[in-house]
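Here's a quick tour for anyone meeting this structure for the first time. Have a look at it, then read on.

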Amino acid sequence: MSRIDESGFDSRSLQLLLAVLETGSVTAAALRLGVTQSAVSHGMDRLRALTGDPLFVKCGRGIVPTARAEAMAGPARELLGALQRFGQQAGFDPSRWEGTVTIAANDFQRDLLLPALAARLRAHAPGLALRVIQSAVPRLEMLRSDDCQIVISPRPPAGGDIVQKRLFEDQYRVFYDPAVRAAPTGVEDYLRAAHATVVYEPRRSLDIDQQLESRGLRRRFAVSVPGFGGLAAFLRGSDLLATVPGLLARHTLAGLAHCAPPVPCPAMPMYALWHLRYQQDPAHQWLRQQLLACVEPSLAPGEPAFSARPRDAAAASAAA
């Protein structure tokens with residue numbers, strides 16, 4: 001293995017390497033970095049000369065990293081983080097922050113909080129790009145390897161090097177198409193109905209089903225999708241029920257009717273998680289403050305269309 005000439009590296013070359021590696025495309029890397037494809041190509045040529053390695057090779061219609069490129073990714077992220085923290089010790093100014101911050105969230109948290117966060121970042125840190133990735137079932141390694149700087153999840157994985165902050169708490173609601181069916185009238189009607197649900201990979205059902213099964217109750221699933229965004233198309237025009245976070249009425253499931261579940265349901269807390277190495281980082285502290293500032297407006301009172309009807313509330317009260 002040839003020796004790398006370390007003197008030729010700078011933060012821009014490290015950012016370029018990671019952009020191509022993470023997007024798998026020169027075109028996508030150029031879009032992320034806000035430069036031309038030609039600039040990315042020239043930068044890659046320079047990196048190849050410095051490392052003595054092709055770094056990326058063609059595979060079908062795309063490109064894949066070589067073993068050398070993959071081995072460089074971790075140290076590159078660490079170096080960029082160290083350079084950023086070094087530059088911020090004299091006083092952090094968000095208006096001068098340039099780079100990309102990555103947040104992992106599934107579609108519920110993403111649509112509820114992150115558009116408002118993106119607007120705040122554009123206003124106060126115009127040089128910072130927000131990248132959103134799927135969290136699916138969150139893994140500690142996502143934060144430990146710096147694949148993302150924040151994870152938003154209702155069920156955070158436990159780790160001694162992971163910090164968590166409770167953002168808010170939601171309640172489950174039963175969504176349905178009022179043009180096709182009425183709200184379930186009680187537990188038997190609810191359990192007899194066909195349901196749509198979300199199952200994340202690797203296979204993990206919603207916590208409501210784990211609680212129901214512990215009580216000897218089981219729903220009949222006709223449809224399962226990998227995210228909340230896939231539910232609306234199956235609910236509209238069908239007699240399906242979906243028992244999901246009530247705040248989805250504000251965006252993803254807007255226009256559908258919803259009522260209180262006629263069975264006991266756990267509350268759904270939502271957390272922000274980050275790695276301990278960022279706990280005292282001025283930039284990360286500021287980013288967390290911006291995220292927290294988005295929570296209250298997103299939860300502001302407002303009566304969504306087709307909210308719970310009196311008989312729905314009575315059915316839930318009788319079943320409690």
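## The chain as a whole

Time to zoom out. This is a predicted model, and its chain has 11 helices and 12 strands. There are 320 residues in the chain, and buried ones make up 45% of them.

Now for contacts along the sequence. Take those between residues at least 6 apart: 75% of them join residues at least 24 apart.

## Where H1 meets H3

Next up is a pair of helices, H1 and H3 (residues 37-51), whose axes come within 10 Å and cross at roughly 105°. The two are therefore roughly perpendicular to each other. On the H1 side, the contact is made by Ser 13, Leu 16, Leu 17 and Val 20, while H3 brings Ala 39, Val 40, Gly 43, Met 44, Arg 46 and Leu 47. Sorted by class, that gives seven nonpolar, two polar and one charged residues.

Ser 13 is worth a look of its own. This serine sits in helix H1, which spans residues 11-23. Is Ser 13 buried or exposed? Its relative accessibility is 6%, so Ser 13 counts as buried, the cut-off for that being under 20%. Leaving out residues up to four places away in sequence, Ser 13 touches Arg 46 and Leu 47.

## Where H5 meets H10

Another helix pair is H5 (residues 107-124) and H10 (residues 282-298). Their axes come within 9 Å and cross at roughly 130°. That makes H5 oblique to H10, and the crossing of these two helices is right-handed.

Which residues of H5 meet H10? They are Leu 112, Leu 113, Leu 114, Ala 116, Leu 117, Arg 120, Leu 121 and His 124. Facing them from H10 are Trp 286, Leu 287, Gln 290, Leu 291, Ala 293, Cys 294, Val 295 and Ser 298. The residues of this contact divide into 12 nonpolar, three polar and one charged.

How values were computed
Residues are numbered from 1 along each chain as its sequence is written. This is a predicted model: local features need pLDDT of at least 70, side-chain atom pairs count only at pLDDT 80 or more; totals for chains, interfaces and linings use all residues. Side-chain values use heavy atoms; hydrogens and water are left out. Axes are lines fitted to C-alpha atoms, for helices over the stretch in contact, and angles run from 0 to 180 degrees between N-to-C directions. Helices (H or I, at least four residues) and strands (E, at least two) are DSSP runs, numbered from the N terminus. Angles under 35 degrees count as roughly parallel, over 145 as roughly antiparallel, 65 to 115 as roughly perpendicular and the rest as oblique. A crossing is left-handed if the near helix is turned anticlockwise from the far one by less than a right angle, and right-handed if clockwise. Contact means heavy atoms within 4.5 Å. Ala, Val, Leu, Ile, Met, Phe, Trp, Tyr, Cys and Pro count as nonpolar, Asp, Glu, Lys and Arg as charged, and the others, Gly among them, as polar. Buried means under 20% relative accessible area, exposed over 50%, partly exposed in between (1.4 Å probe, protein chains only).
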